[in-house]
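Q: Could you walk me through this model, starting with whatever surrounds the ligand?

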Amino acid sequence: MTDLQARPVPDIVTALPGPKARAHIEFDHAWTSPSLPRAYPLVPVRGLGCAIEDIDGNVFLDFAAGIAVNSTGHSHPDVVAAIQRQAAELQHFSASDFYLPIYAQAAAELARIAPMRGKTKVFIGNSGAEAVEAGLKLARYHTRRQNVIAFLGAFHGRTMGAVSLTASKAKYHAHFGPMLPGVYHVPYGLAGLAEIEERIFKRLVPADEFAAVIVEPIQGEGGYVVPEPEFLPRLRELCDGHGILLIADEVQSGAGRTGKMWAIQHWDVEPDILLTAKGIGSGMPVGAMIAKEAVMSWGAGAHGSTYGGNPVALAALLETIRLLEGGLIANAAIRGREIMDGLRPLTERYPGLVRDVRGKGLMIGVEFDSGETAEAVQMQAFGRGLLVLEAGDTCVRMSPPLVVSQAEAATAVRLFAESVAHVAAHRERDLDEAQTAIRSGLAGDGFGASGR
Ligand SMILES: Cc1ncc(COP(=O)(O)O)c(C=O)c1O
């Protein structure tokens, strides 16, 4: 192990993957579930800020952040200290059955930062999918209605309820059916609103039989899609008109990533239920459902979790919120603008190949002409020591830790531009290399680290 702090970032010292990484990948394939769709052959062992060291001592600049999770950077000293303090005091006591103080404290903090004006209450679980399940159950319970609308391209998780809402890749549903009944998918954006009114409410199921609409204010796995400016305000109106709850899934877009605490705040829209996970715990397993008090109408025993609101995870969450409000959200806005400004010229430099550069704050997507090109660019970036991740069909996302510095942002833009230039100049060879990595089991086939 080397002292990460003293290393340049990135610093690639072996061929990739290195010998230890190759050996480890073989070991991994022998024992782990083949359902895990690894993006490329990275074997991380240590992290600090935006730097990740692999098993061979290669140092990477991490612009993937564990799929938009390591919001405060890897092993932020304040988060580490909070975790250590709490682990030494109390590691677990089921908050569903007893009055764990840090649970209520975390709930109060989440309620304080919620994008709703009135009082809210909070249920805490362990992951994004669990937050989605909680939201779905509460919406049905509160409205006594069964049906739910979700959007094509959406990713809400992989548990049975959440995967029924997910519609980013058909393979998530393959052989798992039947899905949860009563879920209707429409296109993301204004076209979807028209479809809800004209096709669903008019022809299929009356509006007053819908419990909720669940929406990502900016679609994540669907390809970092920013909707039209009128979409979310009009969706809010539509829900209000029919007594339907609006659930904002901010598992990926929240926790300061877009330059505001919650992405939905860019449109000044209040959800009835907000779901968070990923970045809110800096990598500790935690997710939460925040709901308007009037909506949180269920009684004791209706929902709970053994681990949900684990005290060590909540110590990380409280420290994360403090750091986000203490400057990281502001940094996300500034660095995001710099990175977008740096990437935008790529659309003019490579017309046809680079189709779009979009996003808000540090939720940035670059759209290519094809999934194969996106795959090749991702692999070229990896070879240069820059970790990025595909999203959607043809997009590569940048979702770095919110601690990213100006110099790191500039390095990432430079390495990404070099990767695109290489693919533009050697397209056939680069595409072939990326496809060879997929065939040899070293990379996933175009769906990012989480196979989406
Ligand atoms: C918007 C969104 N919702 C839910 C989830 C599921 O979260 P988890 O993987 O923690 O279950 C994800 C994960 O990528 C997500 O992006």
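**Ligand, domains and helix packing**

A: The shell around the ligand draws most on helix H5 (residues 128–143), which gives three residues; helices (H or I, at least four residues) and strands (E, at least two) are DSSP runs, numbered from the N terminus. This is a predicted model, in which local features need pLDDT of at least 70 and side-chain atom pairs count only at pLDDT 80 or more, while totals for chains, interfaces and linings use all residues. Residues are numbered from 1 along each chain as its sequence is written.

Q: Which residues come nearest to the ligand?
A: Gly 128, Ala 129, Gly 157, Val 251 and Gln 252 come nearest, out of 16 residues around the ligand; a residue counts as near if its C-beta atom, placed from the backbone, lies within 6 Å.

Q: And what is the shell like by class?
A: It has six nonpolar, seven polar and three charged residues, where Ala, Val, Leu, Ile, Met, Phe, Trp, Tyr, Cys and Pro count as nonpolar, Asp, Glu, Lys and Arg as charged, and the others, Gly among them, as polar.

Q: Switching topic, what does the domain assignment give?
A: It gives domain 1 (4–75 + 327–439) and domain 2 (92–309), with bounds that come from an automatic or database domain assignment. Their centres, taken over C-alpha atoms, are separated by 28 Å.

Q: How many residues does each domain put into the contact?
A: Domain 1 puts in 26 residues and domain 2 puts in 23 residues, with two residues in contact if their C-beta atoms, placed from the backbone, lie within 7 Å. On the side of domain 1 that touches domain 2, the largest share comes from H9, with five residues.

Q: How does H4 pack with H9?
A: Helix H4 (residues 101–113) and H9 pack at about 30°, with axes 10 Å apart; axes are lines fitted to C-alpha atoms, for helices over the stretch in contact, and angles run from 0 to 180 degrees between N-to-C directions. That angle makes H4 roughly parallel to H9, a label that applies to angles under 35 degrees, with over 145 counting as roughly antiparallel, 65 to 115 as roughly perpendicular and the rest as oblique.

Q: Who makes that contact?
A: Among the residues involved are Ile 102, Tyr 103 and Glu 109 of H4, and Pro 311, Leu 314 and Ile 321 of H9. By class, the contact of H4 with H9 divides into 10 nonpolar, one polar and one charged.
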